[in-house]
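Hi there,

Here is the structure I promised to pass on. Have a look at it first, and my notes follow below.

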Amino acid sequence: MTATIIDGKTIAAQLRGKIATDVAHLNAAHGIVPGIAVVLVGADPASEVYVRTKAKAVAEAGMRAIDKKLPVTTSEAELLALIAALNADPAVHGILVQLPLPPQIDSHRIISAIDPGKDVDGFHPLNVGRLASGLPTLAPCTPLGCVMLAKSVRPSLAGLEAVVIGRSNIVGKPVAQLLLMENATVTVAHSKTHDLPAVCRRADILVAAIGRPEMVRGDWIKPGAIVIDVGINRVPGKEGKSKIVGDVAFAEAAQVAGAVTPVPGGVGPMTIACLLLNTLRAARALNGLPALNL
Ligand SMILES: NC(=O)C1=CN([C@@H]2O[C@H](COP(=O)(O)OP(=O)(O)OC[C@H]3O[C@@H](n4cnc5c(N)ncnc54)[C@H](OP(=O)(O)O)[C@@H]3O)[C@@H](O)[C@H]2O)C=CC1
Ligand SMILES: Nc1nc(=O)c2c([nH]1)NC[C@@H]1CN(c3ccc(C(=O)N[C@@H](CCC(=O)O)C(=O)O)cc3)C=[N+]21
């Protein structure tokens with residue numbers, strides 16, 4: 001079997017196009033320019049990839065970017081003060097603090113300080129609870145993108161066996177919640193899971209969010225399964241340069257799976273499109289405008 005390659009780049013571009021249309025309308029009819037503040041403390045390789053690719057997409061969608069780069073020595077009090085200022089700024093509709101944060105800063109305390117209405121990452125405990133309760137909320141961007149990509153090849157996920165590898169608050173747990181909302185039967189695996197390859201072989205939908213380059217092999221995949229690769233791993237490439245690979249051995253997966261997302265060009269671009277979508281949703285809600293159906 002040769003898998004369908006799910007083209008995240010193209011699907012994300014289509015979504016960004018729809019977002020740009022609504023942003024133009026929001027500006028023309030209400031004079032609103034959605035603003036997204038991205039805070040990066042210190043340097044983290046995956047975060048830097050994110051910041052780099054995000055900047056262009058924000059401008060193309062007609063939104064305003066407010067980028068804050070702080071030194072790695074920033075104190076928790078300084079970061080809390082910045083968040084208070086962004087919460088109070090009416091031109092800022094979305095606030096994203098890049099994770100991980102340096103060790104002197106308690107990330108839970110920071111996330112809890114963000115105005116839940118501006119929490120475009122969907123990480124605030126209030127929004128996490130709303131998602132778990134099935135209430136409308138700002139849902140995390142990467143998980144939203146994963147589900148959209150799976151649905152691009154299989155519009156109904158109802159009744160399917162889904163296995164998520166990884167249980168982080170950023171990806172694993174919220175993607176499991178969203179798959180449950182789609183009526184999949186969801187298993188969440190992690191580093192203590194016994195016989196991970198056997199658990200994975202049950203999956204009609206396999207989501208890999210591990211952070212280990214090419215850990216998922218071809219013989220872990222059920223023939224015909226949908227494989228969503230979230231991993232962003234920098235590894236040595238040709239001529240001393242580095243390259244990005246996912247958590248799935250792509251060439252092997254493509255022999256077995258029904259559909260697979262590439263890295264780059266899969267989940268990453270969707271994360272950015274969903275960040276724009278959440279910022280647009282937040283800007284509308286903060287201005288008392290009705291929700292969108294994109
Ligand atoms: N494309 C995108 O838009 C995004 C990509 N990413 C990427 O996705 C990956 C995962 O990110 P994130 O969730 O933040 O990572 P974390 O490190 O927070 O979580 C990794 C998870 O994988 C599990 N795990 C680690 N090793 C193994 C193993 N050998 N077997 C089974 N499970 C294992 C861990 O288990 P345990 O809990 O037991 O420790 C943990 O639950 C990274 O590569 C990251 O860069 C992240 C966000 C967005
Ligand atoms: N609060 C917070 N929210 C996040 O969502 C978050 C975070 N912190 N910290 C870092 C990770 C990582 N992440 C990525 C998003 C997009 C790409 C992306 O666009 N990748 C492209 C480009 C890759 C390339 O440049 O080659 C691709 O996969 O095709 C990558 C990585 C979001 N994260």
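A word on the annotation before anything else: UniProt positions are given in the numbering used here, feature names are shortened, and annotations may be inferred rather than shown by experiment. With that in mind, the unreviewed UniProt entry lists residues 6-121 as "domain: Tetrahydrofolate dehydrogenase/cyclohydrolase catalytic". Please also keep in mind that this is a predicted model. Over residues 6-121, the chain is 51% helix and 16% strand, with the end C-alpha atoms 24 Å apart.

Now to the packing. The largest nonpolar core has 91 residues, and V207, A253 and L276 touch the most other members. Helix 10 (residues 267-286) provides the largest share of this core, eleven residues. Because domain 1 (30-115) and domain 2 (141-268) both give residues to the core, it lies between them. Leaving aside neighbours within four places in sequence, A253 has contacts that include A3, G218 and V260.

There are two ligands to look at. Around ligand 1 there are 25 residues, of which G166, S168, S191, G211 and T271 come nearest. That shell divides into ten nonpolar, twelve polar and three charged residues, and its largest share, three residues, comes from helix 10.

Ligand 2 has 21 residues around it, with A46, Y50, T53, P264 and G268 coming nearest. Its shell holds 13 nonpolar residues, seven polar and one charged. Helix 2 gives the most to this shell, with five residues; strand 4 (94-97), helix 6 (141-153) and helix 10 each supply at least two. Domain 1 and domain 2 both contribute to the shell around ligand 2, so it lies between them.

Happy modelling!

Terms used:
Residues are numbered from 1 along each chain as its sequence is written. Chains are lettered from A and ligands numbered from 1 in the order in which they are written. This is a predicted model: local features need pLDDT of at least 70, side-chain atom pairs count only at pLDDT 80 or more; totals for chains, interfaces and linings use all residues. Helices (H or I, at least four residues) and strands (E, at least two) are DSSP runs, numbered from the N terminus. A nonpolar core is a set of buried Ala, Val, Leu, Ile, Met, Phe, Trp, Tyr and Cys residues joined through C-beta atoms within 7 Å. A residue is buried if 20 or more other C-beta atoms lie within 10 Å of its own, exposed if 12 or fewer, and partly exposed in between; C-beta atoms are placed from the backbone. Domain bounds come from an automatic or database domain assignment. Two residues are in contact if their C-beta atoms, placed from the backbone, lie within 7 Å. A residue is near a molecule or strand if its C-beta atom, placed from the backbone, lies within 6 Å of it. Ala, Val, Leu, Ile, Met, Phe, Trp, Tyr, Cys and Pro count as nonpolar, Asp, Glu, Lys and Arg as charged, and the others, Gly among them, as polar.
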